[in-house]
Amino acid sequence: MTLDRKLLVGALLATLAAPARGASDDPRADYDVQDYRLELLVDPASQTVRGCGVTAGVVVAEKLESVVIDLAAPLQALGATQVAGDLFQKTLPHGDALAFDRVGDTVVVHLAASLARGERFQVAVWYSGRPLRQDDFNGFQWTLTPGSGQPWIASSCQTIGEQTWWPCKASYFHPEDKPERVAVHVTAPSTLTAVSNGRLVDVERGAGVTTWRWRIDQSIPTYSVAIAVGPYVHFEEEVALPGLERKLPIHCWVLPESEAKARKQFAQVPELLRFFSEKFGPFPFPDKFGLVETPIWGMEHATVIAYGNSFPDAIRGTGEVDPYELRNKLYDYVLVHEAAHEWFGNAVTASTWGDFWIHEGFCAYAEALWVEHVHGLDAALDFMAEKKAGISDLATVFRPRRDTAAAAYDTQMYDKGAWLLHMLRYVMGDEPFFAAVKEFACDPRWRKGTCTSADFQAVCERRHGASLRSFFQPWLYGTRWPSYTVRQPKLEGNKATVAIECKSRGQFRYEMPLDVEATCADGSVVKQRVTLATGSQSIEITGTAPITAVRYPGFRWILCDVRHVP
Ligand SMILES: [Zn+2]
């Protein structure tokens with residue numbers, strides 16, 4: 001998700017609405033989701049949806065008598081059926097009706113006979129209603145296009161939950177349970193185009209309505225399942241990417257009034273995907289890279305990214321005002337951030353919301369890497385310094401309140417998470433760091449399933465060849481950051497002596513490397529890496545000629561306060 005203050009407010013509101021439930025007594029933990037099929041009729045006139053969500057799951061408890069599925073009010077549960085046969089055939093096979101109860105924001109479907117561990121079920125919940133819309137970013141949007149006033153509809157639910165628009169085991173409560181396959185069939189007025197995840201299987205035109213059948217055969221988090229419906233124009237191209245056997249199709253759906261701008265803006269997509277593929281490994285979803293213009297500013301829906309940004313590069317210099325000018329100063333914020341989510345969030349997914357930074361911190365640092373690629377390392381270091389200005393020293397990267405996505409959500413995990421990675425790169429060195437990031441992003445265990453911060457740490461330690469506990473403990477779980485007091489260096493001929501004091505104010509003691517540079521009278525520069533532990537220490541540097549000045553470039557790589565004193 002893109003970072004915005006409005007989101008924070010939304011997340012707080014959603015926190016209050018979230019049911020308090022321990023994992024141990026949670027009946028949704030009794031099964032593991034395998035597949036979903038969502039059938040949805042979207043009616044812009046009444047601003048309602050109608051259809052069914054089929055959950056296919058495997059029993060992991062000793063036995064299962066009823067399946068608990070999330071579906072939030074005001075959506076109404078109309079019925080439940082057992083579905084027999086192939087879930088992905090064109091027409092949903094009709095099955096026997098099942099009894100159900102509406103319990104809070106769930107539907108409890110009673111199975112015809114109890115199932116034992118390892119047995120599979122396929123249960124459809126039929127429903128209708130107007131899905132929740134919390135604000136411009138969270139929830140189901142029914143809007144009109146600015147040009148011709150046609151219906152323009154989009155879903156977005158990461159911090160309010162998928163149960164607000166379709167019946168499923170929501171990742172909002174259970175991020176650890178990713179479906180392996182998802183089919184989304186959307187029926188909408190024939191004047192519009194309906195877009196969703198994965199590949200387009202078929203399009204069926206009826207009387208005044210058209211059904212668009214989409215399907216993805218790879219694991220994605222449930223919040224990443226999405227639809228967007230509008231009078232879209234579509235254009236596409238293909239790009240050869242490192243690590244992919246076939247060229248990747250790039251599909252764009254934009255409003256007619258945006259087409260010229262979008263074609264200009266999205267011309268950079270092949271280069272962006274090539275760069276991320278080199279850094280993070282092969283693009284995870286060979287079906288497509290998709291961008292769809294939405295009334296939502298931005299959201300990382302897998303293979304169908306919601307793009308509501310201002311096409312900043314296309315409008316630069318035209319006199320058109322960019323409402324997101326600050327965010328778009330160095331790059332297209334939504335395009336770059338959400339594209340990185342295809343690797344971090346959609347492919348590699350955190351198994352608890354405490355590890356939410358694996359989605360947001362990694363993508364915030366991916367922005368810095370793109371800035372470095374386009375504008376150079378110096379600009380990237382300045383960019384990180386700007387990010388620092390927005391971080392509270394009371395923030396933790398790990399989110400200890402983690403029952404729901406909303407409870408864990410915090411804007412601080414973006415930039416402090418990015419800083420954690422920036423410092424880790426400094427500590428490990430470029431080659432082992434990027435090798436570790438790529439290995440982590442490509443591990444099939446995390447791409448198919450989910451992972452934690454500890455999994456990432458283990459990959460890094462293997463590449464580093466030593467424990468990184470003393471790094472991860474303070475930077476992942478701690479608040480505060482170190483402050484350094486640097487005394488004026490004592491220069492005596494070829495020798496310089498620097499006294500530095502490091503104070504750790506939080507619960508952890510910090511130990512960080514620091515690169516120091518001494519300039520000598522003969523023009524040479526001596527570089528030295530020292531380790532700064534908490535406390536006072538004295539550093540000696542020996543030059544090739546009398547030392548005239550000492551600099552500390554390493555401080556651009558550490559989240560800290562620095563004070564230079566005489
Ligand atoms: Zn994000």
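I started with β17 and strand β19 (residues 305–307), which pair in the parallel sense over three bridges. I count strands as DSSP E runs of at least two residues, numbered from the N terminus (helices are H or I runs of at least four), and two strands as paired if DSSP finds at least two bridges between them. E293 is the residue opposite Y307 in β19.

A caution for myself: this is a predicted model, where local features need pLDDT of at least 70 and side-chain atom pairs count only at pLDDT 80 or more, while totals for chains, interfaces and linings use all residues. Residues are numbered from 1 along each chain as its sequence is written.

Next I checked the other partner I had noted, strand β16 (residues 248–254), which runs parallel to β17 and is joined to it by four bridges. There, I250 has F289 of β17 as its bridge partner.

Is β17 buried or exposed? Five of the five residues of β17 (residues 289–293) are buried, so the strand is largely enclosed by the rest of the structure. Buried means 20 or more other C-beta atoms within 10 Å of the residue's own, exposed 12 or fewer, partly exposed in between, with C-beta atoms placed from the backbone. I saw F289, L291 and E293 pointing one way and G290 and V292 the other way. In a regular strand the side chains alternate between the two faces of the sheet.

Last, I looked at an open four-strand sheet, order β8-β9-β14-β11, with antiparallel pairing. Its edge strands, β8 (141–144) and β11 (193–195), each pair on one side only.
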